[in-house]
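Please open the structure in your viewer and keep the selection tool at hand, as this tour goes from one selection to the next.

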Amino acid sequence: MDIGLRIKECRNKTGLTLEELASRCELTKGFLSQLERNITSCSVTTLEDIVEALGMTMADFFKEDTDVRVVFGKEDFFVDEREDHTITWIVPNAQKNEMEPIMLDLPVGGKSQEVYPHEGEEFGYVLRGRIRIMFPDSKKGITVKKGQTFYIKGDKQHQLVNDSQSDAGVLWICTPPTF
């Protein structure tokens, strides 16, 4: 890591001038300038003082910024075809995130896996067809048609079923990941 460049980047992000940062660290402006240009180096103690003056921890200072991927295409999707349904994971490794979006395809008579009570919530958007959200304490369930959405607290066991005469597709998002 280029420590001098990192100090300069952090200083600029916080809007401090060389003089202001030097004053906060009880260093000279010249020394700090040389440090940022990698002309000189400093002790760990001095670096800790600089990092603290920048309002950061040492861990934050040394944390590498990685480019986070935000766009995914069909080549990134993972398809799991089962007898009663097909799940397409549309964000790779989403289980490490706060939420997990999937595409659920239900053929006529198809059913999703049963979702057991969990901390969190679920959101769904019916892209095509019609589905019914079934709860153990309800024989009728709740019907959701193409273009409609559903929002469920995770505290109840449920399952999506397709009891219509055409295939159904649902964008289903769960937090935390449970699929």
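Select E121 and K153 in this predicted model, and you will find a salt bridge between them, with the closest N and O atoms 3.0 Å apart. E121 sits in strand β4 and K153 in strand β7 (residues 149–153), so that this pair links distant parts of the chain, 32 residues apart. With a relative accessible area of 25%, E121 is partly exposed.

Stay with strand β4, which covers residues 121–128, and select R128 in it together with D105 in strand β3 (residues 100–106). The side chains of R128 and D105 meet in a salt bridge of 2.6 Å, taken from N to O, and the two residues are 23 apart in the chain. R128 counts as partly exposed at 36% relative accessibility, and D105 is also partly exposed, at 24%.

Next, select E36 and R11, whose salt bridge brings the closest N and O atoms to 2.6 Å. Because E36 belongs to helix α3 (residues 29–36) and R11 to helix α1 (residues 3–14), the pair ties together parts that lie 25 residues apart in sequence. Here both E36 and R11 are buried. The structure holds 6 salt bridges in total.

Now move to strands β1 (residues 78–81) and β2 (residues 86–89), which run antiparallel and are joined by 4 bridges. A hairpin of 4 residues connects β1 to β2, and E81 stands opposite T86 in β2.

Finally, select E26, E48, D49 and E52, which gather on the surface in a patch of negative charge. Of these, E52 lies in helix α4 (residues 44–53) and is exposed, with a relative accessible area of 61%.

Notes:
Residues numbered from 1 in each chain as written. Predicted model: local features only at pLDDT ≥ 70, side-chain atom pairs only at ≥ 80, totals over all residues. Heavy atoms only, no water. Patch = residues over 30% accessible without salt bridge, like charges linked within 9 Å, V, L, I, M, F, W, Y side chains within 5 Å. Areas by Shrake-Rupley, 256 points an atom, 1.4 Å probe, with all protein chains shown as cover. Salt bridge = Lys/Arg side-chain N within 4 Å of Asp/Glu carboxyl O. Lys, Arg positive; Asp, Glu negative; His and termini not counted. Charge placed at Lys NZ, Arg CZ, Asp CG, Glu CD. Buried < 20%, exposed > 50% of the residue type's maximum accessible area, 1.4 Å probe, protein only. Pairing = 2+ DSSP bridges.
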